Amino acid sequence: MTQNGLHFEMRGAVAVVRLSRPAKRNALGDALILALRHLFETLPSEARAVVLHGEGDHFCAGLDLSELKERDAAQGLHHSRMWHAALEQVQYGPVPVVAALHGAVVGGGLELASACHLRVADDSTFYALPEGSRGIFVGGGGSVRIPKLIGVARMTDMMLTGRVYNAVDGERIGLVQYLVPAGKAFDKAFELAGRIAQNAPLTNYALMHALPRIAEQPADQGFFTEALMAAVAQSAPEAKSRVKAFLDGKAAKVKKD
Ligand code: 1HE
């Protein structure tokens, strides 16, 4: 199904979401941002993981600049908050999201990618924050999420100087967790999503919702929150049956890659 520049399909337990405006390099207009929010709010209950990718030669060219009309301060505030609501739904939705990146991952496209839980890039990928040169600022949560990946200093450089990172350097500085040959990002992301889909749902939930919050807490509060989350997770019947399967010699051991 394709609507408002967004294509959606289920492949087994993995929901595949594709930005589908290749003629406009998957630029994110308001309709697409709202559609993204709606999609993540209404994912089918059988979805256990999501792969997010882009159609054509690029993942995403960021904000649709043709919609950047005269806005007063209040309208600008609400527009940014609309992006926040949509990308919050990606980050804190029901299941983990793996982004498959290629070509341009710029501006709001990088903000969207940084709201996902895993990022896989191929060799064609490049990253930039051209907001600086367009006379604007990030507005889709980038100033909160991107420094967590690469640090304030690197993000400042990207915006002050227009620095573009290539695929290899993007992985080196922590923008993505995986780098694969050109054309292979979707396959790798889908493979990872398939693995994630086999985890106990409560484990995935804890990783999405508890881990980032614990990481923001002072250590003594973090330890306490961790203990609560650990207690909840280990009490689930699925945790008990998985541990029993290992002790009975019926579950896979950890192996060297
Ligand atoms: C667009 C957009 C867009 C392309 N909004 N229409 N983002 C940017 O500043 C990045 C702007 N885009 C680019 O630098 C390049 O387009 C790309 C490097 C991504 C791709 O280059 P290329 O040569 O493959 O494509 P193109 O020829 O530049 O663009 C093809 C068409 O897409 C063309 O339209 P056409 O009608 O002339 O065919 C472009 O105008 C159109 N297009 N990118 C609108 N972004 C929440 S705040 C977030 C703030 C931001 O994201 S600011 C950063 C915006």
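Is Arg25 buried, partly exposed or exposed? Arg25 is partly exposed, with a relative accessible area of 44%. Buried here means under 20% relative accessible area, exposed means over 50%, and partly exposed lies in between (1.4 Å probe, protein chains only). The structure is a predicted model, in which local features need pLDDT of at least 70, side-chain atom pairs count only at pLDDT 80 or more, and totals for chains, interfaces and linings use all residues. Residues are numbered from 1 along each chain as its sequence is written, and side-chain values use heavy atoms, with hydrogens and water left out.

Arg25 sits in the loop between β3 (14-19) and α1 (30-41). Helices (H or I, at least four residues) and strands (E, at least two) are DSSP runs, numbered from the N terminus. Arg25 is not a glycine, yet its phi is positive, at about 55°. Asn4 also has a positive phi, near 50°, and is a residue other than glycine. The loop that holds Asn4 runs between β1 (2-3) and β2 (6-11). Asn4 counts as partly exposed, at 48% relative accessibility.

Two alanines in loops come next. Ala13 lies between β2 and β3. At 32% relative accessibility, Ala13 counts as partly exposed. Along the sequence, Ala13 and Gly194 are 181 residues apart, but in space they are 7.5 Å apart, C-alpha to C-alpha. Ala47 is found in the loop between α1 and β4 (49-54). Ala47 is buried, with a relative accessible area of 5%. A distance of 5.5 Å separates the C-alpha atoms of Ala47 and Val14, which are 33 residues apart along the chain.

Gly249 belongs to the segment after α11 (237-247). Gly249 is exposed, with a relative accessible area of 61%.

The aromatic rings were examined next. A pair of aromatic rings is described by the distance of the centres and the angle of the planes. Rings of Phe, Tyr and Trp (its six-membered ring) pair if their centres lie within 6.5 Å; planes under 30 degrees apart count as stacked, over 60 as edge-to-face and the rest as tilted. The structure holds 1 aromatic pair. The pair is stacked, because the rings of Phe186 and Phe190 have their centres 5.9 Å apart and their planes at 15°. Both residues lie in helix α8 (residues 185-197). They are 4 residues apart, about one turn of the helix. Phe186 is buried, with a relative accessible area of 18%, whereas Phe190 is partly exposed at 27%.

Charges also sit over rings. The criterion is that NZ of Lys or CZ of Arg is within 6 Å of the ring centre and within 35 degrees of the ring normal. Arg11 lies over the face of Phe190, at 5.8 Å from the ring centre. Arg213 lies over the face of Tyr92, at 4.4 Å from the ring centre.

On a 1 Å grid over the protein atoms alone, a pocket is an open set of points with protein on both sides within 12 Å along at least five of seven lines, and lining residues have an atom within 4 Å of a point. Grid points are joined across faces, edges and corners, and a volume is the space filled by probe spheres set on the points. The largest pocket has a volume of about 780 Å³. Its lining has 28 residues, of which Gln91, Tyr92, His117, Met208 and Pro212 lie nearest the centre. At least two lining residues come from each of α2 (73-91), β7 (118-122), α5 (142-150) and α9 (201-216). The most come from α9, with 8 residues. Domain 1 (2-197) and domain 2 (201-247) each supply at least three residues of this lining; the domain bounds come from an automatic or database domain assignment. By class, the lining has 13 nonpolar, 8 polar and 7 charged residues. Ala, Val, Leu, Ile, Met, Phe, Trp, Tyr, Cys and Pro count as nonpolar, Asp, Glu, Lys and Arg as charged, and the others, Gly among them, as polar.

The second largest pocket holds about 470 Å³ of space. It is lined by 27 residues, and Leu63, Glu131, Ile136, Phe137 and Gly139 lie nearest its centre. Two or more lining residues come from each of α2, α3 (108-114) and α4 (131-134). The largest share, 4 residues, comes from α2. This lining has 13 nonpolar, 9 polar and 5 charged residues.

Conventions. On a 1 Å grid over the protein atoms alone, a cavity is a set of points where a 1.4 Å probe fits but cannot get out, and a pocket is an open set with protein on both sides within 12 Å along at least five of seven lines; lining residues have an atom within 4 Å of a point.
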